[in-house]
Amino acid sequence: MKGIKGLVWHPFLGGLFPVLFLYAYNSSYIPFAELLVPTLAVGLSSSLLLLAAKLFLRTWQKSGILVSSFWLLFFSYQAQWLQVVHWFGEEGARHSYLLLANLLLLLTLFLCLRKSKSPLFRLSKTLNVFAGILIFFPVSQILYFQASQLVSKASVGPEKQNTIQGLETKPGQRPDIVYLILDGYGRPDVLQENYSLDLGEFNAFLKEQGFFLATQSTANYARTTASLASSLNFDYLQNLPGYHPRLTYLDLHEITEEARLLHLLRQEKYQLFGFATGFGNAELTKLATYLSPYTQKSPLREMLFSMSPLQIIEENGKLYRQYVGLKTRFFNYREAPADKGRRYYEEIQFALEKVPQYVGQETPSFVFADIFVGHPPFVFNELGAYQKSAPKLENPIADGSDLIPFYPGGKEAYRQQYRVQLGYLNRRIMALVERIKQNAKRPTVIILQGDHGPGTNFHQEEAAQSNLPERFAIFNAIYLSGGGAPALPLDLTPVNTFRILLNHYFRTTLPLLPNRQFYSPANEPGKFEEVTHLLQKKAQPL
């Protein structure tokens with residue numbers, strides 16, 4: 001059997017299927033370039049396994065069947081393990097037994113193939129066809145997604161961003177800007193009413209330090225990615241060139257990474273710094289220097305890792321330490337903890353400790369960090385020590401209706417953990433403010449701003465089922481040094497924050513936009529539903 005019909009494709013296609021399927025399912029979060037390394041790894045591994053198998057089985061067809069079976073067992077390992085845990089419980093389940101069972105299956109298949117006198121051409125051909133059909137679905141989904149990306153691309157090109165009439169300032173007047181998103185931090189009056197949380201001491205400290213508190217502030221968008229993209233472009237997303245309701249989380253993050261403000265500050269010779277959060281869509285990695293206690297991981301590779309027997313490395317303390325040690329020694333690798341809750345804990349501590357160091361440098365700085373203050377996972381106890389987050393979910397930053405039904409103790413336990421975490425982190429933020437002001441060598445701006453409120457009563461798919469005042473009412477405090485600070489409105493919203501700052505420090509004449517609020521469902525983050533009329537007595541047209 002010669003020609004293309006006799007080729008063995010299914011080991012390659014079968015090995016690639018989990019990679020492409022996972023990417024297709026998460027394409028709105030994961031950049032296309034993430035496919036390269038796992039695709040090459042599967043392709044190279046399949047080639048080596050085929051060559052090794054052919055030494056013993058003599059035909060490509062038999063070798064291909066063995067390799068395809070290997071990939072099936074390899075990438076189904078997590079599903080097998082969960083079933084074993086279901087049957088025997090966590091104490092009775094053993095990875096060693098499951099691995100032995102998989103090896104015995106492969107050995108039995110190997111002996112059967114070696115003993116078989118049939119060339120197995122027909123079975124190999126059938127597997128080729130089946131693998132081709134199987135891989136068609138994720139490939140078509142990926143192509144459709146990439147095509148729709150081209151059509152609905154909404155990131156604003158730098159050539160359209162850098163021109164603002166009146167942008168001028170003297171180098172000595174350019175302020176350091178510290179922009180801290182306090183993720184999930186609600187407005188004091190709402191937290192007092194719904195969470196029995198008194199922020200009197202924290203607010204008094206900020207006022208004493210010269211902060212303005214926007215006591216009627218609301219978010220413009222209900223989700224972090226949309227809120228950041230809007231505030232850093234100081235405009236509503238619907239006004240940006242190329243806006244389309246099919247915007248994905250990846251699109252929104254790209255708009256954030258290419259934000260108008262970032263390009264303007266780079267033009268003004270600013271240094272840009274962005275701190276790690278563990279949540280890629282709330283990080284600045286493109287135009288800003290990325291600061292993290294760890295080496296960045298590929299989310300796609302992490303998912304593939306957890307599907308396979310390689311997950312045993314993370315669960316075995318001794319193996320994991322050796323694995324990390326080798327990577328650290330040969331690749332200068334800084335490994336994040338396998339416990340994602342601890343990772344968030346350490347990244348928050350890293351940001352709170354390091355942010356002040358990037359203020360008062362030789363050239364002006366823009367320092368950004370999204371700090372998980374009022375957002376799950378709640379990983380701080382009253383003393384600031386790490387506490388394991390609960391419950392254990394695939395998505396550790398799940399919130400609202402995606403989390404509450406599974407949260408031990410329900411809404412009241414959520415509120416209690418929220419109060420505890422804010423209590424500790426407020427003290428850390430107070431210390432951070434003092435250190436920033438001590439390090440300041442030029443006019444300094446400090447923005448402490450919630451991106452949205454807490455999620456106890458937030459529904460991920462239906463605005464009508466959400467407590468919108470709780471979700472949209474945000475903490476918003478701004479410190480402006482340098483004298484002659486402009487009057488700030490009590491109902492200041494994030495879309496106008498940088499309009500005011502640019503007008504004050506860079507002598508622009510940007511008009512303030514009307515305050516608007518928009519909800520979007522979790523599975524369609526760019527499909528905005530205006531809810532202003534539900535939060536304000538009177539609305540004006542956008």
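**Overall architecture and helix packing**

Among contacts in the protein chain between residues at least 6 apart in sequence, 76% join residues at least 24 apart. The model is predicted, and its secondary structure comprises 19 helices and nine strands. Of the 542 residues in the protein chain, 53% count as buried.

Helix 1 (residues 10-25) packs on helix 12 (residues 299-307) at an angle of about 130°, and the two axes lie 10 Å apart. Helix 1 is therefore oblique to helix 12, and the crossing of these two helices is right-handed. On the helix 1 side the contact involves Pro-18, Val-19, Leu-22 and Tyr-23, which meet Leu-300, Met-303, Leu-304 and Met-307 of helix 12. By class, this contact of helix 1 with helix 12 consists of eight nonpolar residues, with no polar and no charged ones.

Helix 2 contributes Val-42, Ser-45, Ser-46, Leu-49, Leu-50, Leu-51, Ala-53, Lys-54 and Leu-57 to the contact, while helix 3 contributes Trp-60, Lys-62, Ser-63, Gly-64, Leu-66, Val-67, Phe-70 and Trp-71. The residues in the contact of helix 2 with helix 3 divide into 11 nonpolar, four polar and two charged.

Ser-63 belongs to helix 3 (residues 60-75) and has a relative accessible area of 0%, so it counts as buried. When neighbours within four places in sequence are left aside, the contacts of Ser-63 are Leu-50, Ala-53, Lys-54 and Leu-57.

**Buried helices and a buried glutamate**

Helix 18 (residues 494-505) has 12 residues and spans 17 Å from its first C-alpha to its last, close to the 16 Å expected at 1.5 Å a residue. Helix 18 is mostly covered, with 10 of its 12 residues buried. The buried set comprises Pro-494, Val-495, Asn-496, Thr-497, Phe-498, Arg-499, Ile-500, Leu-501, Leu-502 and Tyr-505. These residues pack against both helices and strands, namely helix 9 (224-232), helix 11 (260-267), strand 1 (176-182), strand 5 (365-371), strand 6 (444-449) and strand 7 (476-480). Just after helix 18, Arg-507 adopts a positive phi of about 60°.

Helix 10 (residues 249-257) is likewise mostly covered, with eight of its nine residues buried. The buried residues in helix 10 are Tyr-249, Leu-250, Asp-251, Leu-252, His-253, Ile-255, Thr-256 and Glu-257.

In helix 15 (residues 340-354) is found Glu-347, which counts as buried because its relative accessible area is 2%. Although Glu-347 and Phe-275 are 72 residues apart along the chain, their C-alpha atoms are separated by 8.3 Å. Apart from neighbours within four places in sequence, Glu-347 is in contact with Ala-276, Thr-277, Gly-278, Ser-292, Pro-293 and Tyr-294.

Most residues other than glycine have a negative phi, and most peptide bonds are trans. Ser-196, in the loop between helix 7 (188-195) and helix 8 (200-208), has a positive phi near 50°. With a relative accessible area of 58%, Ser-196 is exposed. Lys-269, although not a glycine, has a positive phi of about 70° and lies in the loop between helix 11 and strand 3 (271-275). Lys-269 also counts as exposed, at 61% relative accessibility. A cis peptide bond, with omega near 5°, runs from Pro-376 to Pro-377. The position of Pro-377 is in the loop between strand 5 and helix 16 (410-439).

Definitions and conventions. Residues are numbered from 1 along each chain as its sequence is written. This is a predicted model: local features need pLDDT of at least 70, side-chain atom pairs count only at pLDDT 80 or more; totals for chains, interfaces and linings use all residues. Side-chain values use heavy atoms; hydrogens and water are left out. Helices (H or I, at least four residues) and strands (E, at least two) are DSSP runs, numbered from the N terminus. Buried means under 20% relative accessible area, exposed over 50%, partly exposed in between (1.4 Å probe, protein chains only). Contact means heavy atoms within 4.5 Å. Axes are lines fitted to C-alpha atoms, for helices over the stretch in contact, and angles run from 0 to 180 degrees between N-to-C directions. Angles under 35 degrees count as roughly parallel, over 145 as roughly antiparallel, 65 to 115 as roughly perpendicular and the rest as oblique. A crossing is left-handed if the near helix is turned anticlockwise from the far one by less than a right angle, and right-handed if clockwise. Ala, Val, Leu, Ile, Met, Phe, Trp, Tyr, Cys and Pro count as nonpolar, Asp, Glu, Lys and Arg as charged, and the others, Gly among them, as polar. The expected span of a helix is 1.5 Å times one less than its number of residues.
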